[in-house]
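Here are a few exercises to work through with the model open beside you. Try each task before reading its solution.

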Amino acid sequence: MKMKTKMKFIISILVVLFAGVYYYVNLPALNIHSEGFWGFVIVLCVAIGALFGISGIRWSQGQQHAISMDWQSLGGWKRLFSRIFLGLAAVLVVVFLVGSLLSSQIVNAGKYHDLIDIADGNFTEDIEQISYNEIPLLDKDSAEIIGNRKMGTMVEYISQFEVASDYTQINYQDKPVRVTPLRYGNWLKWITNMSDGIPAYIKIDMATQNAECVKLKEGMKYTENDHFNRNIHRFLRFRYPTYIFDTLNFEVDEEGNPVYICPVKDYTIGLFGGETIRKVVIVNAVTGEHQLYDVKDVPEWVDRVYSADLLISYYDYYGSLQHGYWNSVLSQKDCLKTTEGYNYIALDNDVWVYTGVTSVGEDQSNVGFVLMNQRTGKTKYYQISGAEEYSAMNSAKGKVQHLGYDATFPLLLNVANTPTYFICLKDSAGLVKQYAMVNIEKYTIVAIGNSVTECEKDYIAQLKANGAGEKTVPKEEKTISGKIVRMTEAVQEGNSHFYFLLENNNQIFDASVAAVLDIVRYKEGDVISFTYQEDEGSNVVTKIG
């Protein structure tokens, strides 16, 4: 009896240890809608059944001095419990598979189709012409290069920290920026620095391409790079054990405080289907303070609640399942899908996901495009047919094929009230060297420039020459003259710019050497006459004389 009691105790300890370690490492949500939870319970049942089985096997030495197992001697109660738990695991597997089928598009095509509420948009009203200091010129890859170079100049951090790969695109004080925290270099560096936390994050202005290392008064102690209970995923799990979290997003609020935006998933179709976002937890990365919001009450400064992949999946369901599931895989009548790839644009202080819409026939053309708000989930469709994004990218690269530049995924812009792909052209080092504008409806209209201003000027000229965009008017140009009282030179995006002030005029004028070479002939004290475009935050010189 003592041996049996001891064996029960050992089994209990092993089961508890196994369950505790499994839970601590994998962090499954205690929620029947979580696939991880089902895996946890199934694995636990198998482990318990196996432990009961192994504990009841008697090992004996045979005639040839080999060790053998006497299965027949398995204790009755242990055999019973082993079969119960192993049988329960099998039943749970069957329930899981049936639940997955009943949650799938095969039997719920109509419900998946209706996950999204789409409104028709008006391009010229919804997407206003934006100033050049609001155009995000960098993609994530280029931002990483700039961020790593900035980190290389931070001598006080470089031996202990690295730059994390987040680079979340947000609107910060009405400007498009990417932000990413630093991270500990390794386990040993975490141990030596954990008391102070991560001291800074990188912020990159996507319009000016300037990088800033923002130093914090107090370090971040709750991040994805921390360990044990300070790891942000474990921190959330122990406070919200039943919540199923989507991808966590590193952001900063309007005061520059680092936070994690943690969307909470819900399922509206069966056990595992119809994924949506119902709540959001916002965690202060420095203090660990956290607050729960319904998705409709999330503060306006928050930019990323719905992931781009989730929003795109909504439209793919909508476009492909309008005539049922089997039509989407067989005849595919009237089936649409989003194009491969997406980008972000800033509208009304929110970040919107942009992607094109094409037929499933791979005809390399778009029938329209969609904009999807990452904070609210709101979606707008624009029926504008034209070139598919990768066709436009190839057109832009074809213009500079002798330089071997690569093209970024297009950004959708309103240039002279015309739907336009804006593309950055990068060299082999990943640095932006030139810019391209490609007309969506007539993708043979391709403009290339060393600056955005130069590119736009060429693009508008081509629109006029091809009879496109005739109803539109480019930015108004003004002519002025005066004495230069102050002038300074700076390099932006690899191009030299002269910034100067005129006598009795507090406006700052920007003359790019690439666009107006004659500016090098002038110095302080000279009288200059020139034409410029007045834009928000800048006055761009377009012609001298």
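Helices (H or I, at least four residues) and strands (E, at least two) are DSSP runs, numbered from the N terminus. This is a predicted model, in which local features need pLDDT of at least 70, side-chain atom pairs count only at pLDDT 80 or more, and totals for chains, interfaces and linings use all residues. Residues are numbered from 1 along each chain as its sequence is written, and side-chain values use heavy atoms, with hydrogens and water left out.

**Exercise 1.** Find where Gln-173 lies, and decide whether Gln-173 is buried, partly exposed or exposed.

Solution. Start with the location: Gln-173 belongs to the loop between β5 (168-172) and β6 (175-184). Next, look at the backbone: phi is positive, about 55°, although Gln-173 is not a glycine. For comparison, most residues other than glycine have a negative phi. Last, recall the cut-offs: buried means under 20% relative accessible area, exposed over 50%, and partly exposed in between (1.4 Å probe, protein chains only). Gln-173 has a relative accessible area of 44%, so it is partly exposed.

**Exercise 2.** Describe the ring pair of Tyr-243 and Phe-245, then that of Phe-509 and Phe-530.

Solution. Rings of Phe, Tyr and Trp (its six-membered ring) pair if their centres lie within 6.5 Å; planes under 30 degrees apart count as stacked, over 60 as edge-to-face and the rest as tilted. The whole structure holds 32 aromatic pairs. In one of them, the centres of Tyr-243 and Phe-245 are 6.2 Å apart with planes at 65°, so this pair is edge-to-face. Tyr-243, at 19% relative accessibility, is buried, and Phe-245 is buried at 17%. Phe-509 and Phe-530 are also edge-to-face, with 5.0 Å between centres and 75° between planes. This pair links distant parts of the chain, 21 residues apart: Phe-509 is in strand β28 and Phe-530 in strand β29 (residues 527-535). Both Phe-509 and Phe-530 are buried.

**Exercise 3.** Which residues does Gly-545 contact beyond its neighbours within four places in sequence?

Solution. Gly-545 is in the segment after β30 (538-544). Contact means heavy atoms within 4.5 Å, and the partners of Gly-545 are Ser-529 and Phe-530. The C-alpha atoms of Gly-545 and Ser-529 are 5.2 Å apart, with 16 residues of separation along the chain.
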